[in-house]
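Subject: Structure for you to look at

Hi there,

Here is the structure I promised to pass on. Please open it in your viewer and keep it beside you while you read my notes.

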Amino acid sequence: MKSLFRKSIFFLLAASAVSCVENSKPNYQYMPNMYETVSYEPYGSYDIFVNQQEAKLPAEGTISRGWKPYEYENSPEGYATAKANLENPLPYTEDNLAEGKALFTIYCAVCHGDQGDGKGILVQREKILGIPRFDDVGRAITEGSVYHVMYYGLNAMGSYASQTSIKERWLIDMYVMNLKNELEGGPEIPFEEGEDLIPAVNADKTIEPAETSASEGQLNQTEE
Ligand code: HEC
């Protein structure tokens with residue numbers, strides 16, 4: 001009995017030792033593509049692609065989720081129509097104004113100044129000239145013109161279309177109009193109640209699945 005016990009211990013040890021020997025040469029692979037995928041480096045260049053470019057542009061005519069085309073042209077006429085017709089779809093709430101202020105401080109204050117008086121840090125250091133005040137009578141900016149200028153830029157001022165979402169531009173716009181009012185010494189504008197009509201970028205990802213919202217008797221906003 002004792003020897004049988006010893007034998008089995010020896011056998012176990014031997015078996016584990018054998019199984020630990022590293023197999024340096026893999027066995028024959030049948031259809032190796034199933035083991036080794038033919039993948040490309042992101043942004044690599046490969047002859048197989050048009051322009052040798054791995055990164056593709058989106059298919060023509062497609063737009064990314066949550067993005068809407070801007071209907072006004074980058075021309076003096078487009079500017080004038082936007083200035084006259086385009087209005088901020090966001091309600092004037094304390095939260096929206098605070099968000100607008102934060103974004104304005106990030107993107108615009110270096111030139112336009114925290115008060116919108118055209119005396120940002122770059123102007124004080126004489127790095128850039130010709131920054132207008134937001135209460136400039138000759139310009140008479142409106143919600144529409146501010147949005148238009150952020151979208152396309154204006155001469156020395158670049159476009160902010162790629163750094164900001166639609167909602168962020170309207171938030172900044174709200175704060176700019178508020179600064180204009182302050183510079184003009186206008187009366188404080190009372191806050192409004194209301195819901196944001198524009199979802200934040202990627203907000204659709206948090207929308208409840210269709211079944212749950214339907215069972216709660218709500219309309220699923222992602223479908224018409
Ligand atoms: C690099 C400096 C710079 C930054 C940053 C900058 N601007 Fe400007 N902005 C200018 C200049 C210069 C002009 C005058 C352009 C002109 O009329 O030739 C201008 C003009 C404007 C005007 C008046 C346009 C009109 O209709 O006459 C508005 C409104 C404005 N900017 C808003 C913004 C907002 C909002 C931001 C932030 C998203 C911003 N700017 C960021 C330089 C800047």
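This is a predicted model: local features need pLDDT of at least 70, side-chain atom pairs count only at pLDDT 80 or more; totals for chains, interfaces and linings use all residues.

**The chain as a whole**
The protein chain has eight helices and zero strands, so the pattern along the sequence reads α-α-α-α-α-α-α-α. Of its 224 residues, 16% count as buried. Among contacts in the protein chain with a separation of 6 or more, 60% join residues 24 or more positions apart.

Helix α7 runs over residues 166-183. From its first C-alpha to its last, α7 reaches 26 Å with its 18 residues, close to the 26 Å expected at 1.5 Å a residue. How much of α7 is covered? Mostly covered is the answer, with 14 of its 18 residues buried. After α7 comes G185, which has a positive phi, near 70°.

**Around the ligand**
There are 22 residues around the ligand, and those that come nearest are C108, C111, N155, A156 and M157. Which helices each supply at least two residues of the shell? They are α4 (109-112), α6 (143-152) and α7. With four residues, α6 gives the largest share of the shell. By class, the shell is made up of 17 nonpolar, four polar and one charged residues.

If you set up anything around the ligand, the five residues C108, C111, N155, A156 and M157 are the ones that come nearest.

Best wishes

Key
Residues are numbered from 1 along each chain as its sequence is written. A residue is near a molecule or strand if its C-beta atom, placed from the backbone, lies within 6 Å of it. Ala, Val, Leu, Ile, Met, Phe, Trp, Tyr, Cys and Pro count as nonpolar, Asp, Glu, Lys and Arg as charged, and the others, Gly among them, as polar. A residue is buried if 20 or more other C-beta atoms lie within 10 Å of its own, exposed if 12 or fewer, and partly exposed in between; C-beta atoms are placed from the backbone. Two residues are in contact if their C-beta atoms, placed from the backbone, lie within 7 Å. The expected span of a helix is 1.5 Å times one less than its number of residues.
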